[in-house]
Amino acid sequence: LQFSAQENILYDSNVFRLSNSVQPQTLLGTPDRSDVIETTTLGLKLDKHYGLQRFVLDVNAANYHYNRFSFLNFTAYNYAAAWHWSFTPELHGILSTDRREYIDYSADVQSSALINHRTDRSTVLDAEYDLGGAWHVVGGAYNRTSTSSVTTVYEGDYRITGGDAGLRYVFPSGTSITYRFKSDQGQYTGLPATTVFATNFSDRENEFKFDWAPTGRTTLGARVSYFERLNDGLATRNYSGVIGDFDAAYALTAKTSITAGLARNLYSYQTNTDSYFIQNSVYIGSTWKATEKTAFVLRAQHFWLNFAGPLPGFAPDDRQDQVTQSLMSVEWQPIRALKVIGSLLHDVRSSNVPGDDYTSNGISITAVASF
């Protein structure tokens with residue numbers, strides 16, 4: 001059982017992620033784009049074993065206070081709970097539920113002087129049965145919802161319910177290959193009920209996943225899927241394609257590690273000129289534990305976004321964005337119960353659509369006490 005209290009002070013040079021071509025005085029009533037945000041978080045963690053069962057709980061409340069733009073103040077309540085169940089050593093799985101509220105800077109509502117708070121909820125049941133030898137049967141069911149605080153976002157609120165089934169092969173070394181077929185039904189609940197927006201949709205996905213640790217210092221993971229979304233009564237918004245990711249972690253020394261990865265995803269984005277976008281990304285990060293009490297962290301990621309799927313009668317806008325996000329931080333833990341983190345942040349987006357670019361820089365300091 002662990003309690004925690006966290007205080008974060010962040011200077012953000014461009015709170016609303018406004019384009020450089022936008023005059024903030026018109027939208028905000030002030031020439032300033034920046035603000036200092038103070039976030040106070042109280043949390044509780046529990047991790048308990050009872051025989052073959054394990055129960056994990058993580059809850060917190062985070063209060064965000066903006067010094068200049070006080071109308072943006074809000075409190076986020078988040079939780080994650082999981083039951084790692086095991087009826088027999090052969091039959092086991094995880095039943096989990098979580099809620100996460102966060103600021104969604106990808107919502108494209110900046111020009112309206114708004115910030116979107118997206119709230120994602122999920123309940124997932126995963127099960128695995130050891131058939132003996134290397135083969136395992138896997139399957140599960142899930143329910144996911146996502147809601148936004150702003151009604152003008154381009155991916156409406158939605159609800160998805162579905163399930164999956166498949167097989168896993170585990171080599172004696174621990175390396176595993178897993179195939180899953182996923183199928184679900186969804187409903188958009190936050191878009192206008194008109195002929196240009198779909199209300200119901202269904203997803204199909206064939207997924208292969210690979211996990212390998214070739215050495216004690218190296219871990220590799222890969223996922224490749226063919227994903228298809230079908231929109232009821234509005235086939236023009238359908239989309240499909242290959243998605244996936246690759247991640248690698250390598251421990252150079254006992255104090256230094258490097259992580260890197262690639263990803264490709266498809267996301268709904270409903271306007272007259274677009275129905276979805278393709279996001280390709282790459283990231284690299286490094287952690288150096290200089291001393292027992294001090295660590296340095298670097299991370300950079302870059303995204304390429306290509307928008308597609310115009311409605312009949314509308315010419316494609318051929319929108320293409322690039323986003324770069326980077327972080328550099330120093331962590332200092334003077335005593336076991338206290339950690340202090342100082343960070344520099346950089347977030348920039350370029351676009352071939354005028355007014356969709358932005359640049360934001362941030363400086364933050366965080367103190368975390370746990371006991």
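Here are some friendly notes on the aromatic rings in this predicted model.

1. A word on the ground rules. Local features in this predicted model need pLDDT of at least 70, side-chain atom pairs count only at pLDDT 80 or more, and totals for chains, interfaces and linings use all residues. Residues are numbered from 1 along each chain as its sequence is written, and side-chain values use heavy atoms, with hydrogens and water left out.

2. The whole structure holds 21 aromatic pairs. Rings of Phe, Tyr and Trp (its six-membered ring) pair if their centres lie within 6.5 Å; planes under 30 degrees apart count as stacked, over 60 as edge-to-face and the rest as tilted.

3. Take Y188 and F201: this pair is tilted, with 4.8 Å centre to centre and 45 degrees between the planes. Y188 belongs to strand β9 (residues 176–188) and F201 to strand β10 (residues 200–215), so the pair ties together parts 13 residues apart in sequence. Strands are DSSP runs (E, at least two residues), numbered from the N terminus. Both Y188 and F201 are buried, that is, under 20% relative accessible area (1.4 Å probe, protein chains only).

4. Now look at F277 and F307. Their ring centres are 5.1 Å apart and their planes at 35 degrees, so this pair is tilted. F277 sits in strand β14 (residues 276–288) and F307 in strand β15 (residues 294–308), 30 residues apart. F277 and F307 are buried. Ring pairs also link F277 and F307 with Y154, Y267 and Y269 into a cluster.

5. R319 lies over the face of F307, at 4.2 Å from the ring centre, and R144 lies over the face of Y142, at 4.5 Å. The test asks for NZ of Lys or CZ of Arg within 6 Å of the ring centre and within 35 degrees of the ring normal.

Terms used: Helix = DSSP H or I, 4+ residues; strand = E, 2+ residues; numbered from the N terminus. Buried < 20%, exposed > 50% of the residue type's maximum accessible area, 1.4 Å probe, protein only.
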